[in-house]
Amino acid sequence: RKVQRKRTEKSFSAPKSVDYPSIVPESLIRQAAAFTAPRGRLEMGGLLIGHVDQSGNNVAVAGLFPEQLKESPGYCEFDGMYTALVAAACDAANQIGDEKTPKVRVIGWIHTHPDIGIFLSGIDVRTFQSLRDATPDRRLMAVVVDPLREENGVFLTEKKPNSHSPASGEVEMSSDLESRYHIVLDKLE
């Protein structure tokens with residue numbers, strides 16, 4: 001019986017996380033830094049809207065910083081309803097175009113570390129893990145921006161809180177995909 005129980009427990013384990021390559025254009029980082037820098041040393045958090053490209057990369061196209069419920073030099077929080085609102089806007093947008101057009105979705109989260117550098121804190125690691133666990137295919141990235149030091153980092157996994165790459169890459173979109181993003185932004189407006 002002990003052997004059977006162990007086998008049963010194994011069959012219910014969480015799927016293995018894959019750390020998918022990510023594309024985050026520098027222009028997105030510049031916009032995020034310009035928007036958040038006037039807040040000084042108060043952190044700010046939000047969501048990244050993107051898609052999975054034909055090469056299997058997670059691609060961030062737009063960022064959304066909702067009103068913050070809590071903010072301090074080491075913590076920020078926004079209402080979780082924004083994740084549902086963005087997901088609903090993406091679902092509506094995905095109704096247009098053909099099946100070859102990538103689906104838009106919440107592809108990650110973004111937050112600032114004003115004047116403290118680029119890393120994932122213990123709270124960040126738990127947030128990243130929680131968000132990945134809530135995503136059926138576990139495709140998610142985290143982006144940290146230090147608007148005061150003009151630094152940024154793209155994190156592919158919560159398991160390596162100090163392992164990141166700077167934003168890089170460019171986004172090319174078909175007209176159908178571009179239309180999907182316009183629908184998302186219009187709905188969120």
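Predicted model: local features only at pLDDT ≥ 70, side-chain atom pairs only at ≥ 80, totals over all residues.
Student: Is strand β2 mostly covered or uncovered?
Tutor: Mostly covered: in β2 (residues 45-52), seven of the eight residues are buried. Buried means under 20% relative accessible area with a 1.4 Å probe, protein chains only. Strands are DSSP runs of E, at least two residues, and helices are runs of H or I, at least four, numbered from the N terminus.

Student: Which strand do six bridges join to β2, running antiparallel?
Tutor: That is β6 (residues 105-112), where Gly-108 stands opposite Leu-48. Strands pair if DSSP finds at least two bridges between them.

Student: And how many bridges pair β2 with β3?
Tutor: Six, again antiparallel, with β3 covering residues 58-64. Val-52 has Asn-58 as its bridge partner. The two strands form a hairpin with five residues between them, and Gly-56 in the turn has a positive phi of about 90 degrees.

Student: Switching to α4, which residues are buried?
Tutor: Asp-124, Val-125, Phe-128 and Arg-132. Down the helix axis they fall within an arc of 100 degrees, so they line one face of α4; the arc is taken from the directions from the axis to the C-beta atoms.

Student: What do they pack against?
Tutor: β6, β7 (141-146) and β8 (151-155), with contact meaning heavy atoms within 4.5 Å.

Definitions and conventions: Residues numbered from 1 in each chain as written. Heavy atoms only, no water. Buried < 20%, exposed > 50% of the residue type's maximum accessible area, 1.4 Å probe, protein only.
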